[in-house]
Amino acid sequence: MRSYVENKISYETIELMEDCELYEIKSSDIQLFYATNLEIANWGRKLAEIELIKTEERFISRQLGTAIDRYKKLLEENPSLINRVQLGYIASYLGISQVKLSRIRTEI
């Protein structure tokens, strides 16, 4: 959001780990769509709201939840991810070390 809203370098980078189809739209073009089409503007607002809620949930989970709870939620929401993504990336996403992730996986 930072790069989109403030036109600054993002805090995050995205790396594709599987073959994907990507679509690109320039920020100036989407701003024009928002200014000229209420349906597209509302779609953009709803998308931003959904992403904000996801970010809030991740933040609260890291502050209040345990690592094992975060891992269980990941398994529940994305069970196939565990077989497709390196454990180091999963540990990083969960905010824990790979050693801690291995212990959690053994415990479960």
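**Helices, salt bridges and surface**

Me: In which helix does Leu38 lie?

Reply: The model is a predicted one, in which local features require pLDDT of at least 70 and side-chain atom pairs pLDDT 80 or more, while totals for chains, interfaces and linings use all residues. Residues are numbered from 1 along each chain as its sequence is written, and side-chain values use heavy atoms, with hydrogens and water left out. Helices are DSSP runs of H or I with at least four residues, strands are runs of E with at least two, and both are numbered from the N terminus. On that basis, Leu38 belongs to helix α3.

Me: Is Leu38 buried or exposed?

Reply: Relative accessible area under 20% is called buried, over 50% exposed, and in between partly exposed, with a 1.4 Å probe and protein chains only. The relative accessible area of Leu38 is 64%, so the residue is exposed.

Me: How far apart in space are Leu38 and Leu75, C-alpha to C-alpha?

Reply: Leu38 is part of helix α3. Along the sequence, 37 residues separate Leu38 from Leu75, and in space their C-alpha atoms are apart by 38 Å.

Me: What separates the C-alpha atoms of Ser61 and Ser80?

Reply: Ser61 is also found in helix α3, and its relative accessible area of 22% makes the residue partly exposed. Ser61 and Ser80 are 19 residues apart along the chain, and their C-alpha atoms are separated by 21 Å.

Me: How many salt bridges does a search of the whole structure find?

Reply: Side chains of opposite charge can pair when their charged atoms come close. A salt bridge is counted when a side-chain nitrogen of Lys or Arg is within 4 Å of a carboxyl oxygen of Asp or Glu. Over the whole structure, the number of salt bridges found is six.

Me: What is the N to O distance between Lys54 and Glu51?

Reply: Lys54 and Glu51 are three residues apart in helix α3, so about one helical turn separates them. Lys54 is partly exposed at 39% relative accessibility, as is Glu51 at 33%. Their side chains meet in a salt bridge with an N to O distance of 3.3 Å.

Me: Which residues do salt bridges that share partners join into one network?

Reply: Helix α4 holds a pair four residues apart, Lys73 and Glu77, whose side chains form a salt bridge at 3.7 Å, N to O. The network is formed where salt bridges share partners, and it joins Arg45, Lys46 and Glu49.

Me: At what angle do helix α4 and helix α6 pack?

Reply: Two packed helices are described by the angle between their axes and the distance between the axes. Here the axes are lines fitted to C-alpha atoms, for helices over the stretch in contact, and angles run from 0 to 180 degrees between N-to-C directions. Helix α4 (residues 67-77) and helix α6 (residues 87-94) have axes 10 Å apart, and they pack at an angle of about 120°.

Me: Which word describes how α4 and α6 are set to each other?

Reply: Angles under 35 degrees are roughly parallel, over 145 roughly antiparallel, 65 to 115 roughly perpendicular, and the rest oblique. With their angle of about 120°, α4 and α6 are therefore oblique.

Me: At roughly what angle do the axes of α4 and helix α7 cross?

Reply: Helix α7 covers residues 98-107, and its axis comes within 10 Å of the axis of α4, crossing at roughly 70°. That angle makes α4 roughly perpendicular to α7. The value for the crossing is thus roughly 70°.

Me: Where is the place of Asn7?

Reply: Asn7 is not a glycine, yet it has a positive phi of about 55°. Its relative accessible area is 70%, so Asn7 is exposed. Asn7 is placed in the loop between α1 and α2.
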